Amino acid sequence: MVRVKHRYLVATFLYPGAPTATSSKESLSQVLQFNQPTSDRLDAPLLLKAIRQGVAELFGDYGAGVVSPSLRINYLSPATSTAIIRTPRAHCQLVWAALSFMTQLPDPIAQPCVVRVVRVSGTIRKAEHEVIRRAKVIIKRAQE
Amino acid sequence: MFYDLNVPWTASDRELQRTVAFLDELGYDVVALTHTLSGKLPADLTCPIPTTLPFPTPSRLRFLRRCTLILADPSQNHRISQLSAAYDILAIRPTDERTLKQACESLDCDLISLDLTQRLGFHFKFKMLGQAIERGVRFEICYAPGILAVDGAARRNLIGNVVGLIRATRGGRGLVISSEAKTALAYRAPSDVINLASVWGLGQERGKDAVCKEARGVTVTAQLKRTSYRGVVDVVYGGEKPEQVTKAPALSKAERAEAQKKRKADAMNSNGGSLAGNSPKPVPKRDFKRQEKKAKTEGQVEVAPTKDAASGTKVNGVTNNMPIRMED
């Protein structure tokens, strides 16, 4: 069967910036600080717009055009700071590069962050497995 | 094993601690803390970076100390050998074509790290760069200035220069990718870096080599230059035990021999119990001492070959339990 091929990128948001002044956060371990939950104001359209902008900035109209037909946010969980992003298979590197060049969350939030792509998968099923596995690993590490 | 050979060192502990923890989170294994010198070399060349950092560090991470020397004038470098002895890695940052030529051809350094965010007024030539790569000097690409760049110019220059470097090194042989990030925000995970390099035209395999193999090559050759015999053979700590522990089994062996002797003597005594009247005087004290000494030496001789068998090296009868390992 002929179908449109995709790549699914599993991305996590990390926060290496200085902790905010509240003393309660000061005592948290570094693992929890880096993997803290994302602001609830971040939703899929906002992230999608930011990615489109990033691709357009890095690769111009060509990049934006080539990527746009199948770019989509399949899953976004602010609580675990994880997202699954669907990209065209041939041009997933452009989206990945745009994510690497992101230094802060999109504009109304504007919190400094690092986006890390942890898995590139051909099917969404495997991407979901990876998300679940990572969530378990992080919980285990946080409990230590 | 992932390497980041350019992590700017700052005296502020908290900042550095966060950076180090974040590098561990991203999955790096070896990190080189960088101290940058420019202009005339100061009188005191000792390394300001402490060997053990003043805060708890992740156990997996290994630290190296590196110095980046900004080279503006080709005549001001007669103390480079002293400088390289004080650090684990010495990198040179040439500012123009003349200094780059000098660094490629003759200077005794481990890395050549150009400032790629600036527009360099010349093209890279394979002849020049090839000489450096043949000598074992690698070229460094620092990606973080491009990520942190506010204006497009720095990023454009970076990409243009990287493409030039890849072309001049015939597909990216002998390149190392590292970060040079001013803040923790600009560090990226190794896989992200490899993807970036692949977008810039380096190729997936070469990109991975640039973060793993080539970077490892730099650290190993730098270490060999400093510690080994003629840069070829080095004695690596091979897990040999400290002095006391090696002696202990020999002593115990002698004691065992002594104990055995005692037992024999006991047996003789008990045997000779029937000949009570003869009162067989046990071995004279002098003989006993001699025997004891003999037992001791025998015990050591007995132990020595087993040690040899374990380590596999014996030089002129002197046991050498440090395995000599060849490094590439």
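Which residues in helix 7 of chain B meet which residues in helix 8 of chain B? B:Pro190, B:Val193, B:Ile194 and B:Ser198 of helix 7 meet B:Gln204, B:Gly207, B:Lys208 and B:Val211 of helix 8. This is a predicted model. The points below take chain A, chain B and their helix pairs in turn.

**Chain B overall**
- Chain B holds 11 helices and 11 strands.
- Its length is 328 residues, and 43% of them count as buried.
- Take the contacts in chain B between residues at least 6 apart in sequence: 75% of these join residues at least 24 apart.
- The accessible surface of chain B is about 17,900 Å². Carbon and sulfur atoms supply 54% of that surface.

**Helices 7 and 8 of chain B**
- Helix 7 of chain B spans residues 190-199, and helix 8 of chain B spans residues 204-211.
- Their axes come within 8 Å and cross at roughly 135 degrees.
- That angle makes helix 7 of chain B oblique to helix 8 of chain B.
- The crossing of these two helices of chain B is right-handed.
- The residues of this contact divide into 4 nonpolar, 3 polar and 1 charged.

**Chain A overall**
- Chain A has 5 helices and 4 strands.
- Read from the N terminus, the order of elements in chain A is β-α-α-α-β-β-α-β-α.
- Chain A has 144 residues, of which 42% are buried.
- Among contacts in chain A with a separation of 6 or more, 70% are between residues 24 or more positions apart.
- Chain A has an accessible surface of about 7,800 Å², and 55% of it belongs to carbon and sulfur atoms.

**Helix 4 of chain A: an enclosed helix**
- Helix 4 of chain A covers residues 92-100.
- Of its 9 residues, 8 are buried, so helix 4 of chain A is largely enclosed by the rest of the structure.
- The buried residues are A:Cys92, A:Leu94, A:Val95, A:Trp96, A:Ala97, A:Ala98, A:Leu99 and A:Ser100.
- What covers them? From chain A, the cover includes strand 1 (6-14), helix 3 (44-67), strand 3 (82-88) and strand 4 (114-121).
- From chain B, the cover includes helix 5 (144-148) and helix 7.

**Helices 3 and 4 of chain A**
- At what angle do helix 3 and helix 4 of chain A pack? The angle is about 165 degrees, and the axes are 8 Å apart.
- Angles over 145 degrees count as roughly antiparallel, so helix 3 of chain A is roughly antiparallel to helix 4 of chain A.
- Helix 3 of chain A passes helix 4 of chain A in a right-handed crossing.
- On the helix 3 side, the residues are A:Ile51, A:Gly54, A:Val55, A:Leu58, A:Phe59, A:Gly63, A:Val66 and A:Val67.
- On the helix 4 side, they meet A:Leu94, A:Val95, A:Ala97, A:Ala98 and A:Leu99.
- The residues of this contact divide into 11 nonpolar, 2 polar and no charged.

**A loop residue: A:Ser70**
- A:Ser70 lies in the loop between helix 3 and strand 2 (72-77) of chain A.
- Is A:Ser70 buried or exposed? Its relative accessible area is 6%, so A:Ser70 is buried. The cut-off for buried is under 20%.
- Apart from its neighbours within four places in sequence, A:Ser70 is in contact with A:His6, A:Arg86, A:Thr87 and A:Pro88.

Conventions. Residues numbered from 1 in each chain as written. Chains lettered and ligands numbered in written order. Predicted model: local features only at pLDDT ≥ 70, side-chain atom pairs only at ≥ 80, totals over all residues. Heavy atoms only, no water. Buried < 20%, exposed > 50% of the residue type's maximum accessible area, 1.4 Å probe, protein only. Contact = heavy atoms within 4.5 Å. Areas by Shrake-Rupley, 256 points an atom, 1.4 Å probe, with all protein chains shown as cover. Axes fitted to C-alpha atoms, helices over the stretch in contact; angles between N-to-C directions. Parallel < 35°, antiparallel > 145°, perpendicular 65-115°, else oblique. Left-handed = near helix turned anticlockwise from the far one by under 90°. Nonpolar A, V, L, I, M, F, W, Y, C, P; charged D, E, K, R; others polar.
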